[in-house]
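Please open the model in your viewer and keep the selection tool at hand. The tour moves from stop to stop, saying what to select and what is found there.

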Amino acid sequence: MKIKNSLLLLCFCAATFIAVQVYAGNSEYEGMSGDRLLDAIRSKATPRAAVPADRVWSFLYETDVTSDGHLYCPWVQEQPLAQATSVPEGYCVMDLIPEGWWMNGDNPVCDLYNLAVGTHDVIQSRGERLPGVLTKVLSDFTTWQTGHGLLGGNVVDMYAPPRSLRGDIARIVMYVAVVYPSDLHSNTGFMVFGDGRKPGLSPDMYAILQTWHQEDPVDEYERRRNEVFSQEQGNVNPFVEHPELDRYIWGDKVGTPFTEDGDSGGETMPVSSLKGEYSIAEDCVLGLSSPYVQADATWSIDGVEIIGNKELRLAAIGAGRHVVSFISSGRGLRGKVVITINP
């Protein structure tokens, strides 16, 4: 775990330093397994609000447009400039996991995590094919292909997504498998999700997705989507937030109590001085404590008192500049420091 160094301005009524603990683990799923883990993931990952169709582009503009104003669309080679008011001409919002895979029940057709920018030609050429590894290419669109592949020993229609999206699509399929279970799918959907019962992903499809999940790990694009979409839908894609979760649901750790990668079995890192800069991706959790401050001290972040648990997930605090302060009535100490949390 890397913690960036920076100069701090500490303002205390007594000469001292705040110290904190930085944890690599302490996930909300810690110690859970089986149905309990799956139910906890589903509870957190299920959208709390539907997004109106006329507002979808406003969110995609925040996540699928680069800092220089160009569209991020790996399906095609051209990356045009984008306007905040509408999808660029010739492009459209596409579902990454086709609605046609479901024959009843809820489906992710309006779920922001399942939406991105593509073209009508991409949608038509992909159709309802399975994502997978092609053994025979029938159509080559430069950045992606369609053709035939093997699944469970059977030759099926498949498409090979753009390389930069393979991990993304794997994590989206895992997400919809957990959030949108169904007991009735199309033939294609059945090959992906099986009969829809827990945990809702066929072993043959998981083998493909796990490879993509590992070879194309979570990046800033996906983290940004989690940040923006969670504010509107009230949920996250848990396989972006905790990439190791898949192993406990479908992989080699099924039935094993969940422990976040990097966690040392519940042990914490040594106490260290409070830093000025943190990374949500690298530091995970901020534990408020100090050998110089009494245990009954009151801690606040941005003026909001922290009650109860003093182990705060950086993602919950949010990226940006924040004021961390404490008041210890027992020793008559008070102090504060400005920290920066990066994505």
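How much space lies in the second largest cavity? About 40 Å³ of space lies there, where a cavity is, on a 1 Å grid over the protein atoms alone, a set of points where a 1.4 Å probe fits but cannot get out, and where a volume is the space filled by probe spheres set on the points, which are joined across faces, edges and corners.

Before going further, note that this is a predicted model, in which local features need pLDDT of at least 70 and side-chain atom pairs count only at pLDDT 80 or more, while totals for chains, interfaces and linings use all residues. Residues are numbered from 1 along each chain as its sequence is written, and side-chain values use heavy atoms, with hydrogens and water left out.

To find the second largest cavity, select Ala177, Tyr180, Pro181, Phe193 and Gly200, which lie nearest its centre among the 10 residues that line it; a lining residue has an atom within 4 Å of a point. This lining has 6 nonpolar, 4 polar and no charged residues, where Ala, Val, Leu, Ile, Met, Phe, Trp, Tyr, Cys and Pro count as nonpolar, Asp, Glu, Lys and Arg as charged, and the others, Gly among them, as polar.

Select Leu96, Asp168, Ile172, Tyr221 and Arg225, which lie nearest the centre of the largest cavity, out of the 20 residues of its lining. The elements that give two or more residues to this lining are β4 (115-118), α4 (166-179) and α7 (220-233); helices (H or I, at least four residues) and strands (E, at least two) are DSSP runs, numbered from the N terminus. By class, the lining of the largest cavity divides into 13 nonpolar, 2 polar and 5 charged residues.

**Helix α6**

Next, select residues 203-215, the 13 residues of helix α6, which reaches 18 Å from its first C-alpha to its last, close to the 18 Å expected at 1.5 Å a residue (the expected span is 1.5 Å times one less than the number of residues). Which residues of α6 are buried? Met205, Tyr206, Ile208, Leu209, Trp212 and His213 are buried, where buried means under 20% relative accessible area, exposed over 50% and partly exposed in between, with a 1.4 Å probe and protein chains only.

**Two loop residues**

Most residues other than glycine have a negative phi. Now select Thr142, in the loop between β6 (134-140) and β7 (145-151), where phi is near 75°, a positive value; Thr142 is exposed, with a relative accessible area of 52%. Then select Asp302, in the loop between β12 (298-301) and β13 (304-306), with a positive phi near 55° and a relative accessibility of 42%, which counts as partly exposed.

**Aromatic rings**

Finally, select Trp57 and Tyr61, which are 4 residues apart in helix α2 (residues 56-63) and so separated by about one helical turn. Their ring centres are 6.0 Å apart and their planes at 65°, so the pair is edge-to-face; rings of Phe, Tyr and Trp (its six-membered ring) pair if their centres lie within 6.5 Å, and planes under 30 degrees apart count as stacked, over 60 as edge-to-face and the rest as tilted. Trp57 is buried at 7% relative accessibility, whereas Tyr61 is partly exposed at 28%.

Technical notes. 1 Å grid on protein atoms, 1.4 Å probe; cavity = no way out; pocket = protein on both sides within 12 Å on 5 of 7 lines; lining within 4 Å.
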